[in-house]
Amino acid sequence: MNNLDKVKKIVIEKPLKLDCGKTISNFPLAYETYGKLNEKKDNAILAFHALTGDQFVTGINPITNKNGWWSYLVGPDKPVDTNKFFVICANVIGGCIGSYGPNTIDPITKKKLATNFPVITINDMVNAQINLIDFFKIDKLFSVMGGSMGGMQVLQFVANFPNRTKTAIPIACTASHSAQNIALNELGRQAIMADVNWNKGDYLNSECSPDKGLSVARMAAHITYLSKKGLQEKFGRKLQERDDLKFSFDADFQIESYLRHQGSVFVDRFDANSYLYITRAMDYFDLVKQYNGNLSNAFKESKAKFFIISFTSDWLYPTSENKEIVIALNAAGANVGFIEINSDKGHDSFLLDVPEFLKSIKNFLDANYKIL
Amino acid sequence: MKKEFQIISDLIKNDTRVLDVGCGDGILMKHLKENKNVDSRGLEISKENVQICISKGLSVIEGDAESDLKQFPDLSFEYAILGQTLQAFYNPEKVIDDLLRVSKKAIITIPNFGYWKIRIHLLLKGTMPVNKHLPNEWYNTPNLHMCTIKDFFNFCSKKNINLFRSIALHEENVSEINNKNLSFKNLFSELGIFLVEKK
């Protein structure tokens, strides 16, 4: 995590009252943009990233030197064509790629905030990001879109700012984090906190960070992003560079080796405290409760055209939970379309090369850009 | 656009809210939007058709009328359209109940099993009829509850459903059905188109 000084940032001076009760101001929000904002300012799309994403949607990510997380979907001549649309993405607050988060230096102690950083929510995240839309002087976005936690931000955004977007595309998400979702996040958090290097979050000032714990958290989470069928097809019981079992606890199986690799590359680009805070924000997300048990009320004021997308093999945010959103939108009389995409790639489908998914977004955006 | 859709479109008033159940590739929805300024939603079971509708800018929900109509609030539409799919439901009665719950009026079209060619086919050949409107064999047809125009008339009077308009379609010929000519129309029409409302 070098190069962080070079990422684009705005400093939000306006006070923001967080759900936890604390008010913050003069805090940084890091972002990236792709394409050009046209004169009418009617071609802007705000993309929201998921738990471990960042503002580098497409092209080469300058921090990791790898492709951006939504490279299949966003870019020149891609389904979200940046020759046509102006795509904005902010690093969520709580994140570790330049926005206000546990790595932010406390001006008084000159130390990183670590666990002195306030517990933030999805609501806080979108309330911070509206400042970025104001910064670009955009009255009304053409679309807001995101998958997983990005989808939750889409829902919260539309609820909070019903007149700030023409269309909304929540993908593979939920309006209320389930017990299973919370349980899986808690598993990740406990893995981090069980690492002695975590040191109650105060590791950032020393050389050693809780890489083992964060890596285990990532390994566990990664399993939840894939489907059983997908895993079986890709790995089965294949052995890792060996002809037979070694009767040890080395990575005999390819799936073990794969997960270890996923864990180890993750710790190079992500911060353990950020992981704690962002998973907490997801767990606290309950738009149903925010609107007193009636999700429809969240969408009552919105004139946006919605397009909900789920995936057949996604067991983390299954179709049934996405359909709850569709039902609530219908109950509010909102304008909504919905499709469940066939895919064996599990929850991760929204990040991958799933042609039917990519096509559906392209068709939705292109058709509505003409008529709205 | 096929004649059936033209008739349906003529039954719908401008500037209304319409739910097209089994909207297919959205031809009718698009026509209603462009010509009648109708605010429409579609419900469609085929993913492929949903994709086509999305590419036309239509708001279509992937789903099945038997399980997914319940998501729409009472009287949230002025018209609900059900084009030639009534016979394919496990429980057509419940689907009609649901249509008339979510919408003030419903437009229902049925392939008429009382059509003379179908009767002759069964009478002379002794096998299940296959034709333009019923293209499948008995073993692969999605149709579970075939009915005739007369059956539908009787159903409506039994269920206290008002038949506002009953239209017979035979090839390109359109005519009104009434109690007097019912038996005749039941014999000579391929398709029945009904505008109904709960009493």
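A residue counts as buried when its relative accessible area is under 20%, as exposed when it is over 50%, and as partly exposed in between. Please keep in mind that this is a predicted model. With a relative accessible area of 34%, Trp116(B) is therefore partly exposed.

**A nonpolar patch on chain B**
- Trp116(B) belongs to helix α6 of chain B.
- Together with Ile120(B), Leu123(B), Leu124(B), Phe184(B) and Phe188(B), Trp116(B) forms a nonpolar patch on the surface, with about 640 Å² of accessible area in total.
- Two helices of chain B, α6 (116–125) and α8 (182–188), each supply at least two residues of this patch, and α6(B) gives the largest share, 4 residues.

**Salt bridges in chain B**
- Over all chains, the count comes to 26 salt bridges.
- One of them joins Asp39(B) and Arg41(B), whose closest N and O atoms are 2.8 Å apart. Asp39(B) is partly exposed at 32%, whereas Arg41(B) is buried at 3%.
- Another pairs Asp98(B) with Lys94(B), at 3.9 Å between the closest N and O atoms. These two residues sit 4 residues apart in helix α5 (residues 92–102) of chain B, so about one helical turn separates them.
- Asp98(B) is buried, with a relative accessible area of 11%, while Lys94(B) is partly exposed at 42%.
- Lys159(B) and Asp97(B) also meet in a salt bridge, 3.8 Å from N to O. This pair links distant parts of the chain, 62 residues apart: Lys159(B) lies in the loop between α7 (149–158) and β6 (161–170), and Asp97(B) in helix α5 of chain B.

Definitions and conventions
Residues are numbered from 1 along each chain as its sequence is written. Chains are lettered from A and ligands numbered from 1 in the order in which they are written. This is a predicted model: local features need pLDDT of at least 70, side-chain atom pairs count only at pLDDT 80 or more; totals for chains, interfaces and linings use all residues. Side-chain values use heavy atoms; hydrogens and water are left out. Patches are made of residues with over 30% relative accessible area and no salt bridge: like charges are joined within 9 Å, nonpolar side chains (Val, Leu, Ile, Met, Phe, Trp, Tyr) within 5 Å. Accessible areas come from the Shrake-Rupley method with a 1.4 Å probe; for residues, only the protein chains shown count as cover. A salt bridge is a side-chain nitrogen of Lys or Arg within 4 Å of a carboxyl oxygen of Asp or Glu. Buried means under 20% relative accessible area, exposed over 50%, partly exposed in between (1.4 Å probe, protein chains only).
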